[in-house]
Amino acid sequence: MGQVIPSRQSLLSWLTLFRLGATARGVLPFLLGAVIAWSQGKPIDLTVLLLATIAVLCIMLMTFLVNEYYDYDTDKANVDYHMLSGGSRILTRGLIPRRHAIIAAGIFLSVAIVIGLLLYFYFQTGPLTIPLGAIAIFIGYFYTAKPLQLSYRGLGEIGIWFTCGWLATITGYYLQVGQLNTIATLASLPGAFSVFLVILVNEIPDIRSDQLSGKNTLAVRLGPEKTGILYTALLILCYVNIIAVIFFGVPVISAYLSVILLPFIILNILTIVRKGIAGKGLQESLSLMTMVFDHLITTIYVVSFIVAGLGITGARIDHLIVLVVFFMVIFGLEGLGIASSRRVLSD
């Protein structure tokens with residue numbers, strides 16, 4: 001007999017399984033791409049924006065559900081996880097049947113494909129619409145799915161860097177404008193590095209269970225100490241990147257706003273230098289600080305391009321308001337996911 005779970009608990013379990021906080025890391029850079037288009041005086045097709053945002057959300061949900069399904073044995077063996085690592089723990093605790101996760105992943109994948117075809121054939125968003133979407137689906141699905149299992153071969157971090165960095169931002173821009181853009185590419189790079197840092201620091205508590213299951217993540221390959229060194233180097237490089245891109249057309253205000261990132265950078269580096277990265281509490285704190293750092297970078301660029309766009313003739317304020325509402329909804333979903341996770345796991 002299977003475990004009978006009350007409907008309210010089941011709903012909270014699904015919301016936790018969706019990992020909406022991690023999902024936001026793909027949707028927010030996508031919306032940034034649309035903001036960059038708006039800042040250049042391009043009209044925003046709100047229907048395309050809505051459909052495409054739903055498609056990106058579906059691809060992210062598919063990715064994490066497939067991840068939970070194929071990482072089941074690894075997550076079950078993981079006793080070193082913390083709040084932000086080691087998966088949602090929903091499948092390993094039997095709160096939702098494992099096969100239901102892969103069925104739901106298939107549903108979300110189907111929705112994303114239908115929307116992608118609709119965007120290309122009906123809304124005529126451009127010849128790169130399907131290729132960009134197909135790349136996102138390919139990397140998302142095979143991040144953990146067999147036979148490629150990119151995350152098991154040490155390629156997962158690069159996949160995240162690419163998809164949640166350049167690919168997400170440039171897709172958000174392309175679907176509105178119909179062409180690629182150098183400024184959007186440059187603005188995507190700091191966020192690509194910051195999401196890479198999120199993945200890297202979250203892999204540290206999972207090193208032992210990943211080793212046992214043959215999941216050769218970058219943290220497994222380097223070990224805890226060298227992973228800490230790489231994290232520190234990339235943290236500094238990320239900030240240097242923010243300063244460097246303003247010399248190539250990215251709004252200068254982003255460099256001024258980036259000052260708010262310095263306390264996070266200094267504190268994380270000092271923590272690693274003085275205390276290392278051993279200990280569950282320390283690892284969870286670093287993960288949380290890195291997640292906030294990642295979100296702040298996206299927010300800095302959103303604000304910077306909004307300020308730049310306000311000086312452009314023809315930039316529509318009503319479209320900007322809708323874009324801001326989209327960001328608020330995604331942040332709200334993230335908060336919902338975190339609240340659901342805390343409630344379910346505490347129960």
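Because the model is predicted, local features need pLDDT of at least 70 and side-chain atom pairs count only at pLDDT 80 or more, while totals for chains, interfaces and linings use all residues. Residues are numbered from 1 along each chain as its sequence is written, and side-chain values use heavy atoms, with hydrogens and water left out.

**Aromatic rings**

Rings of Phe, Tyr and Trp (its six-membered ring) are called a pair if their centres lie within 6.5 Å, and a pair is stacked when the planes are under 30 degrees apart, edge-to-face when they are over 60, and tilted for the rest. By this rule there are nine aromatic pairs. Select Tyr122 and Phe123 to see one of them, an edge-to-face pair with 4.9 Å centre to centre and 80 degrees between the planes. For accessibility, buried means under 20% relative accessible area, exposed means over 50%, and partly exposed lies in between, using a 1.4 Å probe and protein chains only. Tyr122 is exposed, because its relative accessible area is 61%, whereas Phe123 is partly exposed at 26%.

Next, select Tyr141 and Phe142, which also form an edge-to-face pair, with 5.0 Å centre to centre and 90 degrees between the planes. Here Tyr141 has a relative accessible area of 25% and is therefore partly exposed, while Phe142, at 19%, is buried.

**The core**

A nonpolar core is a set of buried Ala, Val, Leu, Ile, Met, Phe, Trp, Tyr and Cys residues joined through side-chain atoms within 4.5 Å. The largest one has 104 residues, and Phe293, Tyr301 and Phe305 have the most contacts inside it. Contact means heavy atoms within 4.5 Å, and, not counting residues up to four places away in sequence, Phe305 touches residues including Leu32, Trp38, Ile183 and Pro251.

**A last stop**

Finally, select Thr232, which is in helix α10 (residues 218-244); helices are DSSP runs (H or I, at least four residues), numbered from the N terminus. Thr232 is buried, because its relative accessible area is 15%.

Conventions
Helices (H or I, at least four residues) and strands (E, at least two) are DSSP runs, numbered from the N terminus.
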